[in-house]
Amino acid sequence: MKTLFEAEDAIFQFDEDNTTFQFGWKGTVGLDSMQKIMRMASEIAKEHANVHWLVDRRALEGYDGECRIWIKNDFVSKEGTEMLKKIDKIAVLESESPMATISSNVLAEAIKKVNPSIESKVFDYTQPASNWLAGIVVEEPVVEKKSKLRKLFGKK
């Protein structure tokens, strides 16, 4: 994963091997950071058949008003349309802030209107999200539970 942009409110990374963008939103994301990151992502996406997004919203508090307006009215319907059509999967690391979640979900719905075939899934941790985006299936360990029936049959 290579870091392409970092500011107080955001970090943008790209994994070229898996064509995965990782957006890390921190605090209240401003218009400048959002525009830089989304425009960079659009340029990179032009070179690939499809791209995946890993959106880390764990430290997100929200998006400022200008940012929400630009994403919804300009980026989704104009500048970013080509890139949005190339997204096949979005993995989300969810924020604990209900307001951030609501804000993000509104923007996600706008994105899905451009590309309704996007698969999305919410995760608690980065590694399972990255694995899912890359198509890596990791089997969960089987945990044996002691049966309460043993007591009925005299085994301890």
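Analyst: Helices (H or I, at least four residues) and strands (E, at least two) are DSSP runs, numbered from the N terminus. Helix 4 gives the largest share of the lining of the largest pocket, seven residues. This is a predicted model, where local features need pLDDT of at least 70, side-chain atom pairs count only at pLDDT 80 or more, and totals for chains, interfaces and linings use all residues. Residues are numbered from 1 along each chain as its sequence is written, and side-chain values use heavy atoms, without hydrogens and water.

A pocket here is an open set of points on a 1 Å grid over the protein atoms alone, where a 1.4 Å probe fits, with protein on both sides within 12 Å along at least five of seven lines; lining residues have an atom within 4 Å of a point. The volume is about 400 Å³, counted as the space filled by probe spheres set on the points, which are joined across faces, edges and corners.

The lining has 24 residues. Nearest the centre lie Arg 57, Ile 90, Val 92, Ser 104 and Ala 108. Elements giving two or more residues include strand 3 (20-29), strand 4 (51-63) and helix 4 (98-114). Helix 1 and helix 2 are also among them. By type, the lining has 16 nonpolar, three polar and five charged residues. Ala, Val, Leu, Ile, Met, Phe, Trp, Tyr, Cys and Pro count as nonpolar, Asp, Glu, Lys and Arg as charged, and the others, Gly among them, as polar.

Now the helix packing. The axes of helix 2 and helix 4 come within 11 Å and cross at roughly 0°. Axes are lines fitted to C-alpha atoms, for helices over the stretch in contact, and angles run from 0 to 180 degrees between N-to-C directions. Helix 2 and helix 4 are therefore roughly parallel (angles under 35 degrees; over 145 is roughly antiparallel, 65 to 115 roughly perpendicular, the rest oblique). In contact (heavy atoms within 4.5 Å), Arg 68, Ile 71, Lys 72 and Val 76 of helix 2 meet residues of helix 4, including Ser 103 and Val 106.
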